[in-house]
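These are my notebook entries on one protein chain.

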Amino acid sequence: MAQPMTPAVVHKQYDEAMTAFRRQIRDPAVRVAFGRESDGFLRDCACGVWQKDQSGITPLHVECYNAIYAKGNPVPTVLYWELATAVSQYSSFVLPGFFRRMVKADLELGGQCSRRFVDTFTLMMLLFAAVDGKVSEAEAGFVNACADSLSAYCDKAGVPGGKSTLDVQEFVTRRADGEPIPTGRPQEEKTATEGAARTAQGEEQPPKEKLEDLLAQLDGLCGLEKVKEDVKSLINLVKVRKLRQEAGLPVTPLSLHLVFMGNPGTGKTTVARLLARIYHAIGVLSKGQLVEVDRSGLVAGFVGQTALKTQEVIEKAKGGVLFIDEAYALANQEAPNDFGREAIEVLLKGMEDHRDDLIVIVAGYTDLMWNFIHANPGLESRFNKYFYFEDYNGEQLMEIFRAMCEKNGYTMDEATAQAAERALQKMYDHRDENFGNARDVRNVFETAVTRQANRLAGMEMPAKEDLMAFTLDDLDLPQEEKTES
């Protein structure tokens, strides 16, 4: 497959071709009509070309479209969801008014301008088809049908000359064996291409992880009992739904997009990553990766670029889970023109276009997430499953701290462990809106590592046991808590 063209190249080729053809129009009235109507006509036909391809609109399509039609205006003429909507709503080819005038002028002047326009039109449509680096058979078929309609009108009117000799099939992108590149959903094409590449290189795809291993990892997480129960119920629902499909039984619509509600540090990202791998293991997702972003990863600072930025993230997340942390920041109720709303619209469109191979999880504080979900009717309809992540209690915070110590090769004597337990319980008892759960525990652990290092630096030859041991002094506790031990 050829490399996609840059927007600048597409604009240059389009502008040069249209300018050259306009100069060939002998009739002044037709030239004016062509200048006024041709861009709009070709824009509509470009939507028809991209609709037939069925591969979906990408940021490159939008950039090429704007490069042609913005006419030097720094503000893009179309945003992602506007172009995607126009493509999806394209109905049928309509003979343009300027072409009828062109045919009439040819009959009066004995010219063949309308015949030449058929060639120019065909080349422009092929240019649009090739912006993603390939021309599919479906796109070529659409271009041929439109060109035939133009030629048939010329034939019926009696314009001299015959059908164009330009063969659209010569422009269809083909594989090494000469067969056309198949069209369809982008993920299917990408998977097929990657599979062929691996086969050619003698590589095998990595085996899917075992569901029981992933569930064991889920069960091994500290706390989160209600979340674990909800995850397993969701998995059972998906598995039974797939069995019903395989048995030819009707299935009810199922949205797997999720809302994670809770304070920071309660394991939301960890559970999301496990869910992505679990869905891959049971065949719901083709790849099972997790792409994590927040508002800054979706929203740009000027008009038109947020849609492109968001769509790029969606493309990266296809086949897996898109995890949007602090998603409520996208819905700024006090600024109705905020670019976050643009990101939400693109996100909703992407969820619909890739509903079979993309799961979106939005996460954040409970109260703020309710505001986010109710900020847009589309969000309410697509997010109907809620997982609540409760704060870790003092005992669970201590369990997390012990796990960090064991994982990193640190030990505590009984007095130090008791002091740490009391400190973490106090942290829980006095928690406020800034409570960070496991993140706060990590801060305690990292502080202990730093203080231990400073303490050992004064020792000439610390033993292995010294290098591993946390003491009361390493925990950075108030003096009265140390003496309690």
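Entry 1, overall make-up. I took helices (H or I, at least four residues) and strands (E, at least two) as DSSP runs, numbered from the N terminus. On that basis I found 20 helices and seven strands in the protein. The model is a predicted one, in which local features need pLDDT of at least 70 and side-chain atom pairs count only at pLDDT 80 or more, while totals for chains, interfaces and linings use all residues. Residues are numbered from 1 along each chain as its sequence is written, and side-chain values use heavy atoms, with hydrogens and water left out.

I then looked up burial, where buried means under 20% relative accessible area, exposed over 50% and partly exposed in between (1.4 Å probe, protein chains only). Of the 485 residues, 45% count as buried. For contacts I used heavy atoms within 4.5 Å. Among contacts between residues at least 6 apart in sequence, 76% join residues at least 24 apart.

Axes are lines fitted to C-alpha atoms, for helices over the stretch in contact, and angles run from 0 to 180 degrees between N-to-C directions. Helix α1 (residues 7–24) packs on helix α3 (residues 59–69) at an angle of about 40°, with the axes 8 Å apart. I therefore recorded α1 as oblique to α3; angles under 35 degrees count as roughly parallel, over 145 as roughly antiparallel, 65 to 115 as roughly perpendicular and the rest as oblique. The crossing of α1 and α3 is right-handed, that is, the near helix is turned clockwise from the far one by less than a right angle, anticlockwise being left-handed. From α1, Pro7, Val10, His11 and Tyr14 meet Leu60, Glu63, Cys64, Ala67, Ile68 and Tyr69 of α3. By class I noted eight nonpolar, one polar and one charged residues in this contact. Here Ala, Val, Leu, Ile, Met, Phe, Trp, Tyr, Cys and Pro count as nonpolar, Asp, Glu, Lys and Arg as charged, and the others, Gly among them, as polar.

Entry 3, helices α6 and α7. The axes of α6 (residues 113–129) and α7 (residues 137–157) come within 10 Å and cross at roughly 170°. The two helices are therefore roughly antiparallel to each other. I found that the contact residues divide into ten nonpolar, three polar and three charged. α6 passes α7 in a right-handed crossing.

Helix α16 (residues 394–408) and helix α17 (residues 414–429) pack at about 130°, their axes 8 Å apart. That makes α16 oblique to α17. Gly394, Glu395, Leu397, Met398, Phe401 and Arg402 in α16 meet Ala417, Ala420, Glu421, Leu424, Gln425 and Tyr428 in α17. I noted seven nonpolar, two polar and three charged residues in this contact.

I located Ser255 in the loop between α10 (225–246) and β1 (258–262). Ser255 counts as buried, at 17% relative accessibility. A polar atom of the Ser255 side chain lies 2.7 Å from the backbone oxygen of Arg382. Leaving aside neighbours within four places in sequence, Ser255 is in contact with Arg382, Asn384 and Lys385.

I located Val293 in strand β2 (residues 290–293). Val293 is buried, with a relative accessible area of 12%. Beyond neighbours within four places in sequence, Val293 is in contact with Leu298, Val313, Leu322, Phe323, Ile324 and Asp325.

Terms used. Polar contact = N/O pair within 3.5 Å; in protein donor to acceptor, adjacent residues only side chain to side chain.
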